[in-house]
Amino acid sequence: MHNRPHASGNSVASTRLVSRQRRPRGTEVPLGKVTVGGKRIVVIAGPCAVESRRQMFAVGRVVKKAGAHAVRGGSFKPRTSPYSFRGLGEKALRILKEVRDACGLAVVTEVVSLSELPMVLNYADVLQIGSRNMQNFALLEEVGKTGRPVLLKRGMMATIEEFLLSVEYILSQGNDKVILCERGIRTFERYTRNTLDISAVPLLKRLTHLPVIVDPSHGTGVRELVPAVSKASIAAGADGLLIEVHPNPDKALSDGFQSLAPHEFTALMKDLALIARAVGRSL
Ligand code: PEP
Ligand code: MN
């Protein structure tokens, strides 16, 4: 790859733990009963925020039936405005656990600050660290110490190198169960919420030994674009997807405009199975 040292796959001294050379065959990270980073493509689906028990059971049933492996939903939401819906907190975590037990889905939920980490640990299979917290180094170290699988989202203004250095904060605590998530970066473009960096997928697969997933929902911010970008991500080598799904997107308390309705998600899963097969993988 020309003469760019970071893209060559050579170990950069400062990103040594994450380097592909350290584990050429790659790392598989547990996600409930399956793993991310192997032959299987994993799908994590659910609303932006947990709003009610009824909403989450509706989502859980439909995404499970469509073939998803994990359910997502924010309990503590990092909102740009403090006046937006901020999540139901521990009540949301209890609902997620109920849905996990009833539907047989792993739970992925965001930990926004150090103070609620012990509480989230009681409920989550995978700890999501959001884009706004990618450089919250104290939080990265603490989730590293827990040994729990972590889903680390790329900062919306982070370079790949900054992303890799944030991963080092987690790995250096002895936890290498980290799933990397490309969720789009902020550019001059306004027709989409973010600009999804599809090249980040093969690049991160080449540079690191960790699984890489894509979030086409925040990556585009446009419901109609989510299916095509999901398919492109799998074709580009992503190990999975994080997709926002809501039983009634127009009534969602957050991110409804980018959330798929249940029938749209079900149709997408059928297409994804075809793409997965075309690239030698399965859903
Ligand atoms: C989310 O997944 O709901 C979220 C807040 O994403 P991000 O941190 O990528 O903005
Ligand atoms: Mn969201």
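This section describes the two ligand sites of a predicted model.

The residues around ligand 1 are Cys48, Arg72, Lys77, Glu110, Gln128, Gly130, Ser131, Arg132, Lys153, Arg183, His218 and Glu244. By class, this shell holds seven charged residues, four polar ones and one nonpolar one.

The side chain of Arg183 places an N or O atom 2.6 Å from a ligand oxygen. At Ser131 the backbone supplies the N or O atom, and the distance is 2.8 Å. The side chain of Gln128 has an N or O atom 2.9 Å from an oxygen of ligand 1. On its own, ligand 1 has 300 Å² of accessible area, and the protein covers 97% of that area.

Ligand 2 is a manganese ion. Its coordinating atoms are SG of Cys48, NE2 of His218, OE of Glu244 and OD of Asp255. The distances run from 2.0 to 2.4 Å. Along the chain, the donors follow the spacing C-x169-H-x25-E-x10-D. His218 belongs to helix 7 (residues 216-220), whereas Glu244 belongs to strand 10 (residues 240-244). The pair therefore ties together parts that are 26 residues apart in sequence.

The two sites can be read together. Cys48, His218 and Glu244 are among the residues around ligand 1, and these residues also coordinate the manganese ion.

Methods
Residues numbered from 1 in each chain as written. Chains lettered and ligands numbered in written order. Predicted model: local features only at pLDDT ≥ 70, side-chain atom pairs only at ≥ 80, totals over all residues. Heavy atoms only, no water. Near = heavy atom within 4 Å. Polar contact = N/O pair within 3.5 Å; in protein donor to acceptor, adjacent residues only side chain to side chain. Areas by Shrake-Rupley, 256 points an atom, 1.4 Å probe, with all protein chains shown as cover. Nonpolar A, V, L, I, M, F, W, Y, C, P; charged D, E, K, R; others polar. Donors = N, O, S within 2.8 Å, 3.2 Å for Na, K, Ca; no water. Helix = DSSP H or I, 4+ residues; strand = E, 2+ residues; numbered from the N terminus.
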